[in-house]
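Hi everyone, thanks for coming.

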Amino acid sequence: WRSVHSRCTFSLARGVLWEQGECIVYSAGRSGEAAFIHNTASVWDVMWPQSARTCQSRWWLSISRISQWPPQSKSRMHTRIMWLLGDATTCTCITIASISISFVLLAHHGHRRRVWDRVWDGVRGRRVRVVEKQPTNHDAEKCVISWTGGKDSNLALLAAWRDPTLVVVGLCVFRPEEAEFRAHPLPLMEAQARALGLPLHHIIIPKEAPSYKEAYVVGMRQLRESRGITVIATGDMDLVGTMARNWIEECGEEAGMRAYLPLWMADRRACLQQLLDESFEVVFSCVKSPWFDGGWIARRIDAATVVEMETMAMAALPMQPAHGPQGSPQGEVKPLDLGGERGEYHTMCLDGPLYTVPVRLGHAVPPHELEAQPGQKAGERWWTIGAVDVT
């Protein structure tokens with residue numbers, strides 16, 4: 001009764017609905033000949049968009065009506081089922097063929113995740129969404145996203161995805177050798193890449209590298225030469241520190257890659273609003289005093305959070321209590337940058353319009369406080385997300 005009949009391929013073409021967890025009788029004609037199709041419903045949910053799964057009742061016969069069929073029809077149905085169950089080789093071949101058809105349909109509908117990851121998510125009961133297709137031109141350039149997993153990286157990805165002159169082929173993370181990313185945990189970035197269906201390329205900056213910039217240039221050049229990538233997108237909004245130019249743009253010129261900066265000098269409030277409008281799920285992964293405390297870790301950015309941040313940005317902050325080495329005050333704390341461009345906070349994205357499945361954090365872990373970190377001023381307190389258990 002749990003055999004797969006080859007006629008299921010024709011039912012797929014007609015776009016009929018497979019009911020979850022049931023064996024449904026498919027009518028093959030007036031004679032009443034039928035085949036029972038065992039459905040792995042979650043795999044079907046991956047294969048076919050919701051809009052295409054329409055049920056045409058005239059093609060289906062309820063199981064309760066089998067008893068009402070004429071004896072000749074029931075006999076033919078029984079003979080067919082026994083033939084399917086008895087021929088183990090045929091059943092195996094048909095099953096393999098059906099699985100192959102499922103994989104082909106997955107690829108045909110342009111889903112960007114690796115096929116096996118999609119099927120496995122379906123088996124685990126995670127509902128897989130169909131994301132919007134890239135509207136690329138025939139001469140679109142291959143683009144990679146400089147990735148941290150935060151809100152700005154995800155907005156840059158969305159902008160590049162919707163740009164018809166680009167085709168996004170992957171994500172890349174630049175990281176020093178043996179570095180531990182506390183604000184942007186690597187396991188979480190890997191989970192994001194799987195949910196987005198894009199490969200995450202790790203560009204390692206060796207300890208013995210002559211310079212930080214040269215390591216970036218070498219990594220970019222490798223992406224261009226080995227994968228034909230000519231554009232690198234980044235979510236940078238402003239200059240950092242004493243830099244006179246955007247870092248990715250400067251390194252890209254030497255590597256022969258064009259920098260794509262969709263958020264450059266963008267309005268901070270407008271970017272936060274876009275996160276809400278596009279239904280991104282973004283949480284704080286690192287926060288710093290005096291603007292925030294440990295209670296903000298893993299908190300979601302929603303409309304109320306944005307209002308609270310705007311209030312902090314307008315509030316006057318006291319001077320730092322500590323003094324420099326020569327006893328001179330370190331100066332007054334600058335107002336909160338709503339985009340966190342001065343490092344006031346960092347985020348990680350768990351869901352968004354291009355995610356086929358949401359990324360979920362496991363059991364709640366209390367925030368971890370960092371001490372004596374490079375760049376940490378006296379009197380400042382930093383908190384990061386605790387041990388990451390991704391599900």
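Okay, let's start with the salt bridges: the count comes to 16, where a salt bridge is a side-chain nitrogen of Lys or Arg within 4 Å of a carboxyl oxygen of Asp or Glu. Keep in mind that this is a predicted model, where local features need pLDDT of at least 70, side-chain atom pairs count only at pLDDT 80 or more, and totals for chains, interfaces and linings use all residues. Residues are numbered from 1 along each chain as its sequence is written, and side-chain values use heavy atoms, with hydrogens and water left out.

Why pair up at all? Side chains of opposite charge can do so when their charged atoms come close.

Take aspartate 337 and arginine 268: their closest N and O atoms are 3.1 Å apart. This pair links distant parts of the chain, 69 residues apart, with arginine 268 in helix H10 and aspartate 337 in the loop between helix H11 and strand E10. Helices (H or I, at least four residues) and strands (E, at least two) are DSSP runs, numbered from the N terminus. Both partners are buried, meaning under 20% relative accessible area; exposed is over 50%, and partly exposed is in between (1.4 Å probe, protein chains only).

Arginine 342 and glutamate 344 also meet, at 3.5 Å from N to O. Here arginine 342 is partly exposed at 45%, while glutamate 344 is buried at 1%.

And disulfides, pairs of cysteine sulfur atoms within 2.5 Å? The search finds 0. Cysteine 143, for one, has its closest cysteine sulfur 9.2 Å away, in cysteine 172, so that's too far for a bond.

Key:
Disulfide = S-S within 2.5 Å.
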